[in-house]
Amino acid sequence: MSFNDHNGQDQISNIENNQRSILSFLKKISSDDYCFVIEATGNYSSRILHFSLGKDFKSNLINCMSVKHFARMKNIITKTDAEDAKLIRLYGEMFRPENYMPKSIEIEHLDQEIKLLNDLEEEKRRYAVKLKSLRFNPYLNPDTEKHYERRLKQLEKEINEVEQRLPKLQDEEFKEVKDLIQSVSGIGEKTSLQLMAATSGFKNFESAKSLVKYFGLAPRIYQSGKKCYSPGKCRTSKTHIRSLLYVCSWTAIKHNVHCKELYLRLLAKGKPKKLALIAVCNKLLRICFGVVKNKIAYQADYQKNFKILT
């Protein structure tokens with residue numbers, strides 16, 4: 001940790017990443033004098049984040065890429081823990097990021113269950129591919145084949161257990177928002193759960209633009225003099241959800257009127273199919289944001305009816 005003491009001097013403190021050490025450090029400082037700026041490193045940063053919030057400190061969570069680009073801006077080439085801590089503190093002092101809004105316990109537990117489910121499904125796919133390739137061997141060992149089959153059955157059982165636990169973690173508000181998201185043609189149960197867990201029901205976003213950027217589906221523009229082009233989408237985070245939305249776009253271009261119109265319009269302009277599908281993913285996210293914020297289920301002819309009424 002890097003901080004200024006009461007004399008304005010830079011201080012570096014090394015603290016073990018466990019509950020006892022963190023709480024002991026928090027007792028030595030006041031929430032009126034200090035706030036926390038924490039680099040997002042997954043589970044490794046979650047302890048200091050939640051313990052500081054529990055002690056009424058204002059805490060901010062910043063993306064590691066923001067810190068990396070900030071270091072380039074400052075022309076810092078040294079990479080040590082002490083320098084990184086100081087750099088993160090300077091970033092917070094300069095940009096004053098927004099305070100972190102913690103997820104509810106239900107969302108946290110649901111997020112962990114969904115990650116477990118994704119890991120189990122990925123492992124199941126991996127074992128299924130290995131078993132399929134193994135069966136092409138002319139000298140197949142029956143014991144090896146049975147072992148793979150038993151492992152696949154065990155994984156299937158564990159997946160079913162997790163799927164049965166998921167509804168128990170959903171309260172009434174969660175189910176209401178999930179139903180609104182699922183009302184969008186092209187969005188299914190699995191994708192709606194992933195979106196809910198990742199965004200706390202879109203509570204952490206004030207605009208559809210920030211939501212699209214968060215999931216790495218916002219277009220980038222490069223312009224210098226007469227040269228102007230788009231180097232593609234900004235691949236920021238949440239790769240797994242982007243993959244789910246890409247699969248949802250296949251259904252959306254068939255059954256969602258607005259997405260189908262967008263897809264055909266881009267194809268008519270000569271755009272590649274993959275680019276058009278990414279644009280559909282962007283559209284799906286914006287529609288989901290709209291129905292949740294307005295608390296109105298998706299209606300394909302909503303704008304048409306609105307014009308008639310007015």
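Entry 1, a pair of helices. I looked up α7 and α8 and found that they are oblique to each other, on a scale where angles under 35 degrees count as roughly parallel, over 145 as roughly antiparallel, 65 to 115 as roughly perpendicular and the rest as oblique. Helix α7 covers residues 172-182, helix α8 covers residues 189-199, and they pack at an angle of about 125° with their axes 9 Å apart. I note that the axes are lines fitted to C-alpha atoms, for helices over the stretch in contact, and that angles run from 0 to 180 degrees between N-to-C directions. The crossing of α7 and α8 is right-handed; a crossing is right-handed if the near helix is turned clockwise from the far one by less than a right angle, and left-handed if anticlockwise. From α7, the contact is made by Phe174, Val177, Lys178, Ile181 and Gln182. From α8, Glu189, Ser192, Leu193, Leu195 and Met196 take part. Contact means heavy atoms within 4.5 Å.

The model is predicted, local features need pLDDT of at least 70, side-chain atom pairs count only at pLDDT 80 or more, and totals for chains, interfaces and linings use all residues. Residues are numbered from 1 along each chain as its sequence is written, and side-chain values use heavy atoms, with hydrogens and water left out. Helices (H or I, at least four residues) and strands (E, at least two) are DSSP runs, numbered from the N terminus.

Helix α5 (residues 105-134) and helix α6 (residues 142-165) pack at about 160°, and their axes are 9 Å apart. That angle makes α5 roughly antiparallel to α6. I recorded their crossing as left-handed.

Which residues of α2 are buried? I found Ser45, Ile48, Leu49 and Ser52. Seen down the axis of α2, they fall within an arc of 100° (taken from the directions from the axis to the C-beta atoms), so they line one face of the helix. They pack against α1 (19-26), β3 (36-39) and β4 (59-62). On the other side of α2, Asn43 and Gly54 are exposed. Buried means under 20% relative accessible area, exposed over 50%, partly exposed in between (1.4 Å probe, protein chains only). Asp56 follows α2 and has a positive phi, near 70°.

Ser45 has a relative accessible area of 6%. Not counting residues up to four places away in sequence, Ser45 touches Ile38, Glu39, Ala40 and Leu61.
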